[in-house]
Amino acid sequence: MHLLSSSFIVLLFLLLSSSSLLRTVSGLDAVLGQYGETLEIPCNNGVVKADDVLLIKWKYDKGEGLSGDLLVKQKDQNLSIIATDEYMGRVNMASNASLLLSSSTLRDQRTFTCMVVAGADIAEYPVNVLISKTPAALEISDKAEELEIGKVMKLGTCVAKDANPAANITWLKNNKPLESDSKRVSVVVSEQVDPLSGLFTTSSTLKYSAEKEDADAEFSCTSESVGQRSSAVTFTITYSTENIVLEVLSQDPLVEGDNVTLKCIADGNPPPTSFTFHLKGETVKVENTDTFTIINVSRETSGEYRCSLIDKPELQASENVLVHYLDVTLNPSGNVVKKAGEDMNVSLLIEASGETVVSWTKDKIKLDKEPEFTTLTFSHSGLYESKVTMGQLSRDASFQLRVQGAPVITQLSKQRGEDGQHKVLTCEAEGFPEPAVSWSINGSSPEEQSSFIDGKISHRLTVVPSVNLTVFCTVVNEFGSDSKSIIVSSYQSEDRGQMKMAVGVVVGLLLATMVVALIYGIYVKKSKQGSWKTGEENCSSEEEKKLEEKVEESSEKAEV
């Protein structure tokens, strides 16, 4: 049986070598494999009818018209692997007749042919194999430490190692592609092939002319064909100073006694650290700092200040410093004692760095204007306070005025008590110091109640008069005295007086009525006679009307 099989194989190979029996399928299929992985190469696109197949054979193109055998599979027999060279131990066949090729390399990029014998038909299915390899992670190497504005400098080199095909590298700035323009952007690409593996290493070097805006720009490189991108990198952009600014750092508002810091800011990179500060009357140079502090400022500190670069003095910046101040002097101030009748001048002197607003109060009550005293009275006594404001600054000043003098009784009054049986006498007076108050009722001094506020005293006395009384109120202090009297009637005399008054009113009304009646009678009598003359003129209806008005007026007066 073994001899028959060997003879059959020999006969089959002879038949396969005959061009009259061999049929090659038109077209060339292609398979893409990954470097280092197992590659499956299909036979007739994986469509092989096992029942009809007598023999399957895989071979490969060695070049120069030569081929190498890999494996053979006869019907009802085990697979026979006949590879002897670089494919020994690397090939096998799947159940669908596909060739399995392990550990693929770039040397496997060739044509593999599947030969199928089915009945009297012999067919070949060639497949072209391509091997790809993704490069190692993209890296930017040989990076510049810093970039100088306006100068084309090498930014860095993006490297894609061990790839097939060679990687196509694109440079990005802030995720946007950079294109060579031979002015600001220049890209130089080089490729190297590993002699053993045949893999490509691509290097792309970017030369770039930076601008100020690139200070925070992110540069990266990408290979879109393999979907890789490097980590983004940034660069220090150096450029000389073109502008400087002087800042005044202080609390707001800046007042006398505060500190103020001058800060000189330059737009160069790296920023300069040495400056000259031009103060009022002097020049100060500072090293390794950009500030200068003036302590305990005063109003004389106000003015213009400048700063400049030490190595470029013509580049300067200036700023005004304003020290706010508010001085208030009030005359008089503190406790002030004056005599009634005198005059007193009030002056409020204000020295300020800006516009001010002044307000006055007396005993916490707002005044419309500054107080004026031409003739002092006891009512002028009190606490006078001024408030001067200028923006957020304010100053307060005050004086306590006491007007002294002999007491004066301003009012002596009486009022019936609530029970109708007693009377309340009130003696009101002004004076300072507080006057002593005394009442005299036929030589007696009854109990009394009093209050003294701001130079005004009010003294009350309660009495129950049985007869008409003359009551005296006397006020006394160290500057003099004053006294007034008031008549207090008993309730019996008041009742008799009220009866007499009522009778008098009734009599008066009767007399007034009689006078009115008499006048009216005369008037009617004259009216019936037609007219009467006084001299040469007649009395007209208008005169009659006036007469009636006089009569009515007389009647009203009589009623009153």
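**View 1. Bridge between L262 and F292.** The bridge partner of L262 is F292, which lies in β25. Strand β22, covering residues 260-266, is joined to β25 by four bridges, and the two run antiparallel. Two strands count as paired if DSSP finds at least two bridges between them; strands (E, at least two residues) are DSSP runs, numbered from the N terminus. The model is predicted, with local features requiring pLDDT of at least 70 and side-chain atom pairs counting only at pLDDT 80 or more, while totals for chains, interfaces and linings use all residues. Residues are numbered from 1 along each chain as its sequence is written, and side-chain values use heavy atoms, with hydrogens and water left out.

**View 2. The open sheet containing β22.** Three strands form an open sheet in the order β21-β22-β25, with antiparallel pairing. The edges are held by β21 (244-249) and β25 (291-294); each has a single partner strand, so one side of each is left without a neighbour in the sheet. On average, neighbouring strands of this sheet are turned by 20° against each other, direction ignored (axes are lines fitted to C-alpha atoms; angles run from 0 to 180 degrees between N-to-C directions).

**View 3. Pairing of β4 with β9.** Strand β4 (residues 53-63) pairs with strand β9 (residues 111-118) in the antiparallel sense over seven bridges. Within this pairing, A118 of β9 is the bridge partner of V53.

**View 4. Hairpin of β4 and β5.** Eight bridges connect β4 to strand β5 (residues 66-74), again in the antiparallel sense. S67 in β5 is the bridge partner of D61. Two residues lie between the strands of this hairpin, where E64 takes a positive phi near 55°.
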